[in-house]
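Me: I'm new to this one, so please take me through it piece by piece.

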Amino acid sequence: MTGVFNPLDIENLGLSVLTAILKSDPTPLSGVGVFTGAGIYVVYYTGDHPAYTHITAANADGKFGQPIYVGKAVPAGGRKGVAVATSTNTKQLSARLREHARSIEAAEDLKIEDFCARWLIVEPIWIPLGESLMISRNAPVWNALVDGFGNHDPGKGRISGVRSRWDTLHPGRAWATKYPERPESSTDIQGDTIEYLRQRLQQL
């Protein structure tokens, strides 16, 4: 062993956040209520969609070994560094989880009962660190490959680019149809997803 252990090292601080969130019990995404706090969250899938069979296997029997998505919710203004002291007065974390639930309920090929989440209320200074470490450790497919799950309705006059991979693979969010279709099909994306998960999860 080389070096000296430093509990305040950035990596070790991040690991403490990761360990804390993984100690919490998964909660059905459909049952997330309104609560106060900002922080990070992890979404898991246990259904039978053909793109995600490897994820379902990793999460079977209560193991919850592979998130499908990792995200964060910061206090209003926190992205600009002006709301550090107001983290306990926000409901951003519960609002974000409930927004994700609505996205899944809108999708034509997903069922809300197949999703659950863990979350951790964290002081805003540690939220980006915890999220980035969780993503780097797990490379969740909705973060790494099938982008767009966390997108918002862009509103009138703010359309740029094309429809997200997530909305192409999982159609249903009405506002996503404002975007032009992608050059790749849902079949193409599903094939990429299956191969990505096969390579990643069979190595674990």
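This is a predicted model: local features need pLDDT of at least 70, side-chain atom pairs count only at pLDDT 80 or more; totals for chains, interfaces and linings use all residues.

Me: How far is Ala20 from Leu120?
Reply: Their C-alpha atoms are separated by 7.4 Å, although Ala20 and Leu120 are 100 residues apart along the chain.

Me: Zooming out, how many helices and strands are there?
Reply: The protein chain has seven helices and four strands. In sequence order the pattern reads α-β-β-α-β-α-β-α-α-α-α. The chain has 204 residues, and 44% of them count as buried.

Me: OK, the strands. In what order do they line up in the sheet?
Reply: The order is E1-E4-E2-E3, in an open sheet of four strands with antiparallel pairing. The edges are strand E1 (27–28) and strand E3 (69–73), each of which pairs on one side only. Two strands count as paired if DSSP finds at least two bridges between them.

Me: And what holds paired strands together?
Reply: Strands of a sheet pair through backbone hydrogen bonds, either parallel or antiparallel.

Me: How many bridges are there between E1 and E4?
Reply: Two bridges, with E1 and strand E4 (residues 115–121) antiparallel. Thr27 stands opposite Ala117 in E4.

Me: Next, E2. How many bridges does E2 have to E3, and how many to E4?
Reply: Five bridges join E2 to E3, and seven join E2 to E4. Both pairings are antiparallel. Val42 is a handy residue to look at: it stands opposite Val70 in E3 and opposite Arg118 in E4. Gly39 has Ala73 of E3 as its bridge partner.

Me: Is E2 buried or exposed?
Reply: Seven of the seven residues of E2 are buried, so that strand is largely enclosed by the rest of the structure. E3 is mostly covered, with four of its five residues buried.

Me: Which helix lies across E2 and E3?
Reply: That's helix H4, residues 127–138, which lies across both E3 and strand E2 (39–45).

Me: Let me pick on one residue in E3, Tyr69. Buried or exposed?
Reply: Tyr69 counts as buried because its relative accessible area is 10%.

Me: Which residues does Tyr69 touch?
Reply: Setting aside its neighbours within four places in sequence, Tyr69 is in contact with Tyr41, Val42, Val43, His100, Pro140, Trp142, Asn143, Phe149 and Gly150. As for Ala117, 48 residues away along the chain, its C-alpha atom is 9.5 Å from that of Tyr69.

Me: Switching to loops. What's phi like at Phe64?
Reply: It's near 45°, a positive value in a residue other than glycine. Phe64 is in the loop between helix H2 (53–58) and E3. With a relative accessible area of 19%, Phe64 is buried.

Me: And Ala139, what's its phi?
Reply: Ala139 has a positive phi of about 45°, and it isn't a glycine. You'll find Ala139 in the loop between H4 and helix H5 (141–144).

Me: Is Ala139 buried or exposed?
Reply: Ala139 counts as buried, because its relative accessibility is 17%.

Technical notes:
Residues are numbered from 1 along each chain as its sequence is written. Side-chain values use heavy atoms; hydrogens and water are left out. Contact means heavy atoms within 4.5 Å. Axes are lines fitted to C-alpha atoms, for helices over the stretch in contact, and angles run from 0 to 180 degrees between N-to-C directions. Buried means under 20% relative accessible area, exposed over 50%, partly exposed in between (1.4 Å probe, protein chains only).
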